[in-house]
Amino acid sequence: MGIIKNVFKSKILLIILLFTFVYSQEKVTLQLKWFHQFQFAGYYAAKEKGFYDEVGLDVEIKERDLKFNNIEQVIKGESQYGVADSALFLYKITNEPVVIVAPIFQHSANVLISLKNSGIDSPYDLNNKNISIYANSTDSFTILAMLKKLGIKPNFLPERKSDDYLKLITKQIDLTSAYLSNEPFYFKEKDIDINVIDPIFYGFDFYGDMLFTNKEEAINHPSRVEKFKRATLKGWEYALNHKEEIVQLIYNKYSAKKSIEHLMFEADVIQKMVDIKNVPLGTLDKGRFKYISDLYKDYGLDNKNLNVKDFIFDEFENHLNLTKEELNFIKNKKEITYCIDPNWMPFEKNIESKHIGITADYFKIFQEELSIPFKFVPTTNWSESLSFIENKKCDFLSLLIVSEKRKKFLNFTKPYLQSPLVVVTRNDEIFISNILDIENKKVGIVKDYAFIEILKKKYPNLNIVEVKDIEDGLNRVKSKELYGFIDTLTTVAYMIQNKYVTQLKISGKFDETLDLSIGTRYDEPLLTNIFNKVINSVSSEDKQMIFNKYTSIKVEEKMDYKQIVLWVLGTIFLFGIILFIFINANLKLTKEIRKREEIEKRLKSFNELIDENIISSSTDLRGYITDVSNAFCRISKYSREELIGKNQNIVRHPDMSSEVYKELWKTISSNKIWEGEIKDRAKDGTDYWIHIKITPKFDEFNNKIGYISIKQDITDKKIIEEISITDGLTNLYNQRYFNDFSQKFINSAKRENHFISFLIIDVDYFKQYNDTYGHLMGDNVLKKVATALKDYSSRSDDYCFRLGGEEFGILFKSKNQEKAFQFAKMILKNIENLKIEHKSSIVSKYITVSMGLFSDYSKNIIDIDDIYKKADKMLYLAKETGRNRVINEL
């Protein structure tokens with residue numbers, strides 16, 4: 001009986017241990033990029049052979065559902081791991097948090113195939129040939145990159161279907177894109193010979209399938225990522241050494257869609273793609289990464305150097321060196337809230353509850369590094385921001401200087417920005433040679449700025465008046481209520497160039513340079529440590545890029561150095577006469593000479609300051625550059641040596657109309673000043689906008705010898721303009737811009753009596769769609785419809801708007817009413833062809849639209865209200881007569 005009890009106890013203990021083991025496994029999901037087949041053999045082997053179990057992982061393997069983007073499923077955390085190819089580079093370029101764990105296929109299996117008897121066996125044979133290719137260019141990027149590099153221009157047929165290889169046999173197409181382990185098998189079955197054009201043989205050797213994860217997984221579970229990688233590579237090694245066994249496993253347990261013969265064919269091809277004989281399994285080469293990144297640059301999809309530290313897991317593994325405590329803090333925090341100075345550009349500004357400026361760009365990098373969202377908490381002024389952080393309504397302040405008073409409720413990071421203090425006055429004031437000269441004059445400083453304490457200690461007689469914000473201070477200077485205003489060079493120069501260029505100027509600077517830090521809540525010291533580490537991780541390249549974007553500063557167009565120098569020389573001359581006449585005035589003259597030397601020294605320093613911050617250039621009469629400022633070099637990304645001797649059009653943007661430059665040269669050639677806004681392109685391909693004033697330059701004999709241009713960086717202004725006229729959800733023009741622009745469009749058309757049309761578009765049964773699928777899916781529908789409208793309204797005289805809710809409008813020119821009607825019908829058909837499921841529609845199983853069209857010669861149109869009402873009436877008829885149609889007024 002005792003023996004039976006012991007056996008029973010042992011079994012119970014064993015069951016408990018097994019139960020405990022099963023439930024101690026970490027559950028994770030692997031998202032495949034396609035359906036079950038030998039392409040994913042290593043993962044099946046790792047699961048079925050217990051390699052994942054050995055490292056404590058319970059892995060669910062999910063095949064692709066074509067309704068969803070498999071990469072985004074991993075990014076969103078729906079799956080922890082995924083399989084994708086070099087398309088991951090495109091996601092990384094757009095700052096998506098993807099992390100490559102290990103390349104499995106050393107080579108891509110994407111190729112082009114043609115019939116053997118076609119004689120097409122080289123990419124050089126492909127000009128004007130019809131090629132069926134995947135609509136999503138990321139799936140065929142190696143092929144597209146090869147053709148672009150070689151200058152080949154075939155005819156692409158983008159609507160590729162899975163059986164397009166049959167069109168080769170019937171000669172409907174010349175070539176089709178294919179996967180080496182798939183389509184060639186079908187031709188082999190039919191005993192049809194084919195040619196394979198593989199980009200590898202033409203220098204385009206991309207990685208194929210790669211195991212990847214998201215940034216959150218890499219940060220919070222690095223040991224789990226390492227275990228998953230180790231077990232996966234073990235699984236692949238087993239699968240490639242036991243192909244027949246794994247083929248049977250796939251066929252019997254995962255999918256019987258492919259025959260045993262096809263799976264074996266696939267296994268042989270996959271073994272070549274993995275290339276285990278020549279390259280150790282899972283090997284990742286950083287040089288090859290750079291090579292692939294450079295190809296994306298050549299294709300125009302990337303304009304910056306790829307940072308492998310947060311893209312490759314082996315490099316990535318907690319490269320910030322965050323402690324376990326800090327990692328847990330981030331994980332539990334969910335989001336970090338912050339406040340800013342709402343009116344302190346270019347550092348930062350609150351525009352309609354949107355944070356813009358230098359700190360906003362830094363925070364994009366910080367969020368990417370930490371994989372935690374930053375939530376902006378709007379305030380009305382700086383004092384309110386300080387109050388919010390003190391009362392724990394936000395977690396940190398974006399930018400401020402350290403003070404003893406603030407140390408009572410804040411911790412401070414190391415400085416990540418610096419800027420000198422300067423004095424702003426009206427244009428009619430002279431240069432301030434010594435700050436002590438203004439001690440008895442009223443100068444404004446924003447209330448609660450900490451440098452008030454610093455200046456009061458050093459300059460106790462400084463007459464400081466606290467103002468609401470920078471605009472309040474500058475306006476008081478302009479109205480002569482204050483003599484001057486004190487703030488950072490970066491901030492006041494930005495404000496002057498945007499608002500006060502003809503009234504105010506920078507007249508002097510302090511010796512002090514402000515160190516600007518992040519201020520975190522006193523009760524969250526870990527956040528300070530985390531920010532210090534992430535500040536250290538920002539590259540010099542990123543810092544310079546942000547700096548160049550915002551701080552190309554224009555001070556006054558002409559600093560009055562000539563008057564100052566003449567005044568100094570006049571003083572010297574005067575005292576020279578006095579010295580000649582009154583020898584006993586020697587001491588006074590010496591004092592004035594010293595004063596002149598001090599002024600000259602400060603003028604030299606100020607000249608250097610201006611060279612660093614004014615975007616300026618000089619050219620000869622033909623437009624060849626003879627001199628440039630350092631600020632010009634920064635914004636254009638060219639060195640001085642690269643610019644001198646080159647034509648000014650070295651920075652010309654291809655989008656700029658030739659008519660603008662014709663008018664420019666016509667104006668300055670007649671000795672007049674030309675002023676306007678121009679879009680330029682920097683050396684690295686980035687675009688920027690400038691407001692430019694070009695003035696003829698004359699020698700002492702009044703002969704014209706060239707031109708001087710003073711430029712103002714207005715890129716940020718253009719971005720803000722774009723925000724104000726763009727619908728936030730769809731990126732189409734918004735209702736406000738429609739109201740402002742449409743009448744101008746009509747008036748312009750009336751000059752030549754153009755035929756114009758207005759099309760109102762309404763998504764059918766959209767309320768029912770929202771009720772069925774939810775508002776998030778509804779928003780996605782509006783985005784897709786907007787993209788379709790934009791794609792088909794790409795002519796220079798097509799303007800597309802979101803007029804509100806699910807209603808859109810297109811204002812365009814056309815030759816006649818019939819052409820306008822055909823254009824509308826094409827859009828109608830293509831929106832339904834998006835094939836967005838709509839179960840609640842009674843006119844189609846997909847999303848459709850109804851349209852009202854009005855067209856007429858512009859001379860017959862009264863105003864925009866006139867054509868809006870008529871088009872809206874047609875839209876009503878379209879809905880009443882069955883929807884999913886266009887009705888136009890005949």
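Mentor: The model is predicted: local features need pLDDT of at least 70, side-chain atom pairs count only at pLDDT 80 or more, and totals for chains, interfaces and linings use all residues. Residues are numbered from 1 along each chain as its sequence is written, and side-chain values use heavy atoms, with hydrogens and water left out.

Helix α30 spans residues 766-773, and its buried residues are F766, Y769 and N770. These lie on the same side of α30 because they cover an arc of only 100° around the axis, the arc being that of the directions from the helix axis to the C-beta atoms. An α-helix has 3.6 residues a turn, so residues three or four places apart point the same way. The partners of the buried residues of α30 are β28 (755-763) and α31 (775-792); contact means heavy atoms within 4.5 Å. Just after α30 comes G774, with a positive phi of about 95°.

Elements are DSSP runs numbered from the N terminus: helices are H or I of at least four residues, strands E of at least two. The protein chain has 33 helices and 32 strands. Of its 890 residues, 51% are buried. Among contacts in the chain between residues at least 6 apart in sequence, 71% join residues at least 24 apart.

For helix-to-helix packing, take α16 (residues 358-370) and α22 (residues 540-550), whose axes are 10 Å apart at an angle of about 155°. That makes α16 roughly antiparallel to α22, a label for angles over 145 degrees. Axes are lines fitted to C-alpha atoms, for helices over the stretch in contact, and angles run from 0 to 180 degrees between N-to-C directions. From α16, I358, D361, Y362 and I365 meet D542, K543, I546, K549 and Y550 of α22. By class, this contact of α16 with α22 has five nonpolar, no polar and four charged residues. Nonpolar covers Ala, Val, Leu, Ile, Met, Phe, Trp, Tyr, Cys and Pro, charged covers Asp, Glu, Lys and Arg, and the others, Gly among them, count as polar.

Terms used. Parallel < 35°, antiparallel > 145°, perpendicular 65-115°, else oblique. Buried < 20%, exposed > 50% of the residue type's maximum accessible area, 1.4 Å probe, protein only.
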